[in-house]
Amino acid sequence: MVFRPTYSDIARLAEVGTATVERVLNGRGNVRPEKVEQVLRAARALRYPRLLPEVHHGIIRVEVVLVRPDTGFYERLARQFERIAASLDSSIAIHRTFVDELAPEVIARQILKSGLRRSALIISAPIHPKITEALERVQASGQPVIQVVSRSAGPNADFVGIDNYLAGRTAAMFMSRMQRASGKVVVVAHSQAYGAHRDRVRGFSDYFRENPNDALVFTHVVFGRDEHVRSASLLQECFRVWPDIVGVYNSGGANPAVISVIEKQKTWRDIFFVGHELTPITRAALRSGRMEMVIDQSPEAQARRSIDLVLARLGWIGNVDNFPIPFVTYTAENV
């Protein structure tokens, strides 16, 4: 039997009276804007089978919660959200909030109890039970939630980003086919806290497992949390243990640390280094031969898609196709 929500069902989820639900859904007015939003979010969450009235009569506030503003990628992503905000109608406001990626309880509180009267949430956060629970609670309330860059909640949640698994496989394919030297291959990753890094490392590993190369042996993964000193120290130890390393894949943002270690090796010209994100540092490394390839995940496109999805979920624009954001590969020949 098909479930058909009633006014009582909507009222219970929205935490208002049935009279308020009736006034909102029939456009009778005299209901505070925040109550209107509560009712319409609940109606959408319960898939109320009718065309809902106009949702917003005030400013739409979209909160963008991000981590690591010190990294090149998130700096580009935050800057693009700022540019988009300046181009939007004055009735739509985008608020950027930066959180500590090592404080999941704080992130969960921000998700659940933002200081804003928020209409929608866009977030990039690590995987943690409290964060996942908070996101699921907000989604259940009917408020649109868009995960960007890396997935923190379940597979049914809206996610905007590249196909990270295929990015890892692409890095492995180029390294396997283009590296002429023989030896060990290692991976530098942020940690297992981010779904994006898990998928990239898994894709890289799967490619080498499915396409054996007698000349290259995928040997080890180190987790440097994208911290320069930690990442450099761990990679330097790898070179001490395996002096025949000829391939390095960095799935995160520690490119300066990796470059600093590679250029100290006597055999640095024989080391095939693939990393992520085109920045002034990686552009220079490509041109100097210290990197062979950069996979850029187009943060500008991710920001634009995230905002489009929010506006679609709020009923301001039509349906938005949400296929994976294409990633771009750069070499010394196209930077």
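This is a predicted model: local features need pLDDT of at least 70, side-chain atom pairs count only at pLDDT 80 or more; totals for chains, interfaces and linings use all residues.
Helix α10, residues 255-262, lies across β6, β8 and β9. Its angle to β9 is about 170 degrees.

Now look at the sheet itself. Strands of a sheet pair through backbone hydrogen bonds, either parallel or antiparallel. This open sheet has six strands, in the order β7-β6-β8-β9-β10-β11, and its pairing is mixed. The edges are β7 (216-223) and β11 (328-330), each of which pairs on one side only. On average, neighbouring strands are turned by 15 degrees against each other, direction ignored. Take one pair as an example. Strands β6 (183-189) and β8 (245-250) pair in the parallel sense over five bridges. Val188 has Asn250 in β8 as its bridge partner.

Next, a pair of helices. Two packed helices are described by the angle between their axes and the distance between the axes. For α5 (104-112) and α6 (129-140), the angle is about 5 degrees and the axes are 8 Å apart. Angles under 35 degrees count as roughly parallel, so α5 and α6 are roughly parallel to each other. Which residues of α5 and α6 meet? From α5 come Pro104, Glu105, Ile107, Ala108, Ile111 and Leu112; from α6 come Lys130, Ile131, Ala134, Leu135, Arg137 and Val138. Nine residues of this contact are nonpolar, none are polar and three are charged.

Finally, step back to the whole chain. The protein chain has twelve helices and eleven strands. Of its 335 residues, 50% count as buried. Its C-alpha trace spans about 75 × 45 × 35 Å along the principal axes.

Definitions and conventions. Residues are numbered from 1 along each chain as its sequence is written. Side-chain values use heavy atoms; hydrogens and water are left out. Axes are lines fitted to C-alpha atoms, for helices over the stretch in contact, and angles run from 0 to 180 degrees between N-to-C directions. Helices (H or I, at least four residues) and strands (E, at least two) are DSSP runs, numbered from the N terminus. Angles under 35 degrees count as roughly parallel, over 145 as roughly antiparallel, 65 to 115 as roughly perpendicular and the rest as oblique. Contact means heavy atoms within 4.5 Å. Ala, Val, Leu, Ile, Met, Phe, Trp, Tyr, Cys and Pro count as nonpolar, Asp, Glu, Lys and Arg as charged, and the others, Gly among them, as polar. Buried means under 20% relative accessible area, exposed over 50%, partly exposed in between (1.4 Å probe, protein chains only). Two strands pair if DSSP finds at least two bridges between them.
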